[in-house]
Amino acid sequence: MSLITVVIPTHRGASRIGPTLASLAAQTLPAQDFEVVIVLDGHDPPTHKAITAMQLPFVTVIVEREHAGAAQARNRGVAAAGAPLVLFLDDDMTATPDLLAAHLRMHQRYPGGVVIGCFSQSRSSHRVALLADGADIWWADHFAELARPEHRFTFRDFCTGNVSLPRARFLDCGGFSTQFKGAAGEDYELGIRLLRRGVPFRFAIDAVSVHRYAASLPRLLDRARAEGRGHVIMARLHPEVFPVLPLRDAADDGPVLKGDRVLRLTPRRLKLLPLLLHGLLPLARALKLRRLLQKLQGSLRVCAYWEGACQEAGSWADLQAFVQDLPLVAAAHREIEFDLASGMAVLAQTLGATAVDAVRLRFGRHAVGRIAPLAGAEPLRVEHVRHALAQRLALRFLMAREADT
Amino acid sequence: MKTFIGSYELADSAPALWGAEGYERLLVLVKVHGRPLGVLRLTQNPARVVVERADLNRALLSQLGYLPSGVAATAPPSPEESPPLPPISVVVCTRDRPRSLRVCLASLAQLDYPDYEVVVVDNVSRTAETAEIVARTGFRYVREERPGLDWARNCGLRAARHDIIAYLDDDARADPLWLRGLAHGFAARHVMGVTGLILPAELETRAQHLFEIYGKDGMSKGFRARRWTPSRLPPLSLIQVHKVGVGANMAFRRQILEAIGAFDTALDVGTPSCGAGDLDILHRVLLAGGEIRYEPQALVWHRHRRDMSGLRRQLYNNGRSYGVFLLKRWRDGHVSRWQIARFVVRTWIPWLLARLVLAGLGKHRLPPGLIWAELSGATHSWWAYIATYRHDRRLRQRE
């Protein structure tokens with residue numbers, strides 16, 4: 001019996017799936033210890049043929065009759081999985097040889113949680129490419145942040161690119177929501193539910209895959225549009241995460257473009273501005289004005305995001321009405337007051353026993369500071385408090401201790 | 001721009017005001033034994049990690065002139081001196097604001113008061129969510145099919161069982177001692193109406209911040225109890241009733257509402273008048289000889305509109321509905337028309353114009369667009385007056 005099932009959804013992925021499967025065939029984990037379930041999202045003979053041609057014994061193929069989106073496909077894949085752990089991988093991800101073994105090691109050390117792997121972007125050439133460079137930097141920063149011991153995991157750390165969890169936990173939560181058709185963010189949404197159920201997140205820095213993704217502006221804008229739609233759906237399902245979504249701006253002055261000056265995006269500007277920016281793109285490309293190009297692309301992304309959000313809500317007015325009632329500030333479900341004089345061991349015990357998302361710290365009668373709640377984040381661990389005491393609250397902590405003795 | 005809103009009790013010994021980290025401005029309500037004493041406005045470095053009691057005490061002395069130790073030493077109100085606590089009906093009128101309503105009703109479930117009931121009037125909501133939320137709280141739910149806040153208020157009056165009816169907005173949240181404050185105002189039998197203190201529940205956006213600037217302190221009428229005794233009132237006070245109170249937090253005795261024919265259904269939001277239902281009822285109560293008191297102990301927290309377009313609409317409505325209110329006074333002739341005309345020409349319009357000019361010169365903290373909205377609302381009030389009564393006649397004929 002296998003230990004882990006790799007679930008890969010694919011939609012017209014005949015050209016992409018080959019290298020992915022080849023990398024899985026070259027794992028350090030023995031082939032009898034894992035299986036791969038590929039879900040063809042919609043009737044797709046060329047991809048099916050490409051897979052069977054590789055003659056890999058550990059691969060199962062499921063065919064969905066109609067294109068129903070990646071969420072549905074992943075749910076089907078997990079339903080068919082035979083192993084106690086599932087790993088979600090994309091069809092354009094190359095696994096490094098140690099990927100599966102690294103995930104397994106982490107699950108053996110900390111059973112019952114989510115293990116988040118990391119990936120880098122593969123580059124076909126070393127020429128400067130603005131979009132790809134931007135994405136590289138963003139992901140590198142993201143994973144560096146996850147690797148910090150005091151990182152407080154939030155729902156936004158749960159991305160389906162390279163993540164594994166016990167199959168039972170996935171099924172308990174009801175799997176991916178299928179409401180996100182044509183929208184992005186079903187992974188974040190599952191992340192919210194997993195965290196709420198108290199499933200811990202871990203980051204495995206040695207579980208590495210390589211993303212063979214060719215960034216292009218149209219794809220980026222499609223993605224931004226899908227994110228806009230997805231965030232509206234997410235705010236509908238889980239209003240408590242609204243404070244940390246970019247959508248929050250809609251409750252204030254409305255969406256803005258931030259540059260040297262702030263430009264408010266009224267509905268009319270939102271229609272006209274992309275046309276103007278698209279018009280300027282060729283010029284910026286021809287003259288190799290890199291900073292301008294970067295700004296244009298960034299602005300187009302913001303416009304696309306809000307376009308998607310308006311589409312999902314109905315109209316700009318509907319969107320504005322919708323966000324009026326949502327919370328703007330993260331609320332604490334459970335906030336405790338703790339006297340640091342009783343020692344960190346007691347705090348570790350308290351935080352281990354109950355899920356706490358904000359702490360008021362004092363030393364004797366002297367206030368030290370507060371660790372604020374974070375929307376859609378895991379409960380506080382003692383590492384978070386220790387880090388805050390060592391950094392942000394260090395001076396207050398010392399002063400309070402001095403004053404108390 | 002973002003302002004933290006909190007409160008601190010002088011009589012207890014919490015070492016700090018928690019949760020203000022990351023904010024540049026603070027608005028802190030100071031309470032003594034649960035009674036509001038005043039608000040402190042502080043600015044701080046947002047990187048500051050904790051606001052200590054000593055900081056608050058210093059501000060208390062410099063801004064309000066109280067020595068904290070002196071105020072805290074006052075004895076808590078003894079049960080004997082507290083006024084009688086008559087049963088009160090709380091009426092909340094709402095339309096399609098399920099999440100705000102949930103917050104509002106949760107605050108009403110936690111009131112510290114021996115005998116009260118809550119009636120939620122659903123004024124033609126489009127979804128069934130309102131009914132579901134009310135069902136979950138166990139409060140009474142009634143539905144008013146004619147659109148208009150004053151229709152809903154009258155419906156609430158009919159459904160209410162007790163003799164004091166307190167009206168609360170669905171975007172407001174009541175302080176636990178709210179009804180005790182109202183009861184304090186109603187202690188004398190001849191008092192017919194009580195209005196209360198309204199503080200902002202949230203100041204997170206530019207629009208909310210500007211709204212606080214707009215009315216000097218938003219909807220707050222200060223921390224000193226006041227009374228309006230009709231026999232001693234100059235005629236001008238009868239038309240400047242916006243100084244008496246706001247509809248978000250007002251209460252009346254049933255006998256006075258029934259005597260003057262309750263609320264004027266042609267007025268307030270949901271009708272072409274876009275407001276003025278509260279001004280009208282306060283005016284008519286005073287006109288009928290009922291005393292009205294303003295009681296700062298009756299505290300509610302109101303959430304202002306968050307978006308700029310919403311604020312612009314609100315100010316437009318203010319101008320428009322105040323005009324409708326004045327036209328109604330002009331028509332019914334209880335206040336001399338000379339007084340009304342003089343008020344409009346010498347006070348109201350010059351006040352609007354002066355602000356517009358100041359804003360145009362950049363000398364006013366409100367952007368000119370907002371003041372223009374109020375002025376244009378005022379110029380539309382002729383049409384609104386005609387339209388709203390025509391609309392009301394049509395609604396009444398339909399029955």
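Predicted model: local features only at pLDDT ≥ 70, side-chain atom pairs only at ≥ 80, totals over all residues.
Chain A comprises 14 helices and 13 strands. Its radius of gyration is 23 Å, close to the 22 Å that the globule rule gives for 405 residues, so chain A is as compact as a globular protein of that length. Along the principal axes, the C-alpha atoms of chain A occupy a box of roughly 75 × 60 × 40 Å. Of the 405 residues in chain A, 40% are buried.

The domain assignment divides chain A into domain 1 (4–213), domain 2 (220–323) and domain 3 (335–404). The centres of domain 2 and domain 3 of chain A, taken over C-alpha atoms, are separated by 38 Å.

Two helices of chain A illustrate how buried residues are arranged. Helix α3 (residues 70–80) of chain A is mostly covered, with nine of its 11 residues buried. These buried residues are Ala70(A), Ala71(A), Gln72(A), Ala73(A), Arg74(A), Asn75(A), Arg76(A), Gly77(A) and Val78(A). The packing partners of the buried residues of α3(A) include both strands and helices: they pack against β1 (4–10), β2 (34–40), β3 (59–63) and β4 (85–89), as well as against α6 (167–172) and α7 (186–196) of chain A.

In helix α11 (residues 316–323) of chain A, the buried residues are Trp316(A), Leu319(A), Gln320(A) and Val323(A). These four residues lie on the same side of α11(A), because they cover an arc of only 95 degrees around the axis. An α-helix has 3.6 residues a turn, so residues three or four places apart point the same way. The cover over the buried residues of α11(A) includes α9 (267–286) and α10 (290–313) of chain A.

Between the two chains, 21 residues of chain A are in contact with 18 residues of chain B. On the side of chain A that touches chain B, β12 (358–363) and β13 (366–371) of chain A each supply at least two residues. The largest share of that side, five residues, comes from β13(A). By residue class, the side of chain A that touches chain B divides into seven nonpolar, five polar and nine charged residues.

Nonpolar cores were also identified. In soluble globular proteins, nonpolar side chains tend to be buried together. The largest nonpolar core in the model has 119 residues, and those with the most contacts inside it are Ile165(B), Ala166(B) and Leu182(B). With its neighbours within four places in sequence left aside, Ile165(B) is in contact with Ser89(B), Val91(B), Leu157(B), Ala160(B), Ala251(B), Phe252(B), Arg254(B) and Leu257(B). Apart from this core lies another, of 83 residues, among them Ile8(A), Leu89(A), Ala224(A) and Met234(A).

Two residues other than glycine have a positive phi. Gln55(A), whose phi is near 50 degrees, lies in the loop between α2 (45–54) and β3 of chain A. Gln55(A) counts as exposed because it has 7 C-beta neighbours inside 10 Å. In chain B, Ala262(B) has a positive phi of about 55 degrees and is found in the loop between α9 (254–259) and α10 (277–287) of that chain. With 19 C-beta neighbours inside 10 Å, Ala262(B) counts as partly exposed; the cut-off for a buried residue is 20 or more.

Trp348(B) counts as partly exposed because it has 18 C-beta neighbours inside 10 Å, whereas Arg342(B), with 12 other C-beta atoms within 10 Å, is exposed. The C-alpha atoms of Trp348(B) and Ala14(B), 334 residues apart along the chain, are separated by 46 Å. For Arg342(B) and Leu236(B), which are 106 residues apart in sequence, the C-alpha to C-alpha distance is 9.8 Å.

Conventions: Residues numbered from 1 in each chain as written. Chains lettered and ligands numbered in written order. Arc of directions from axis to C-beta. Contact = placed C-beta atoms within 7 Å. Domains from an automatic or database assignment. Rg over C-alpha atoms; globule rule 2.2 N^0.38 Å. Nonpolar A, V, L, I, M, F, W, Y, C, P; charged D, E, K, R; others polar. Core = buried A, V, L, I, M, F, W, Y, C linked by C-beta atoms within 7 Å.
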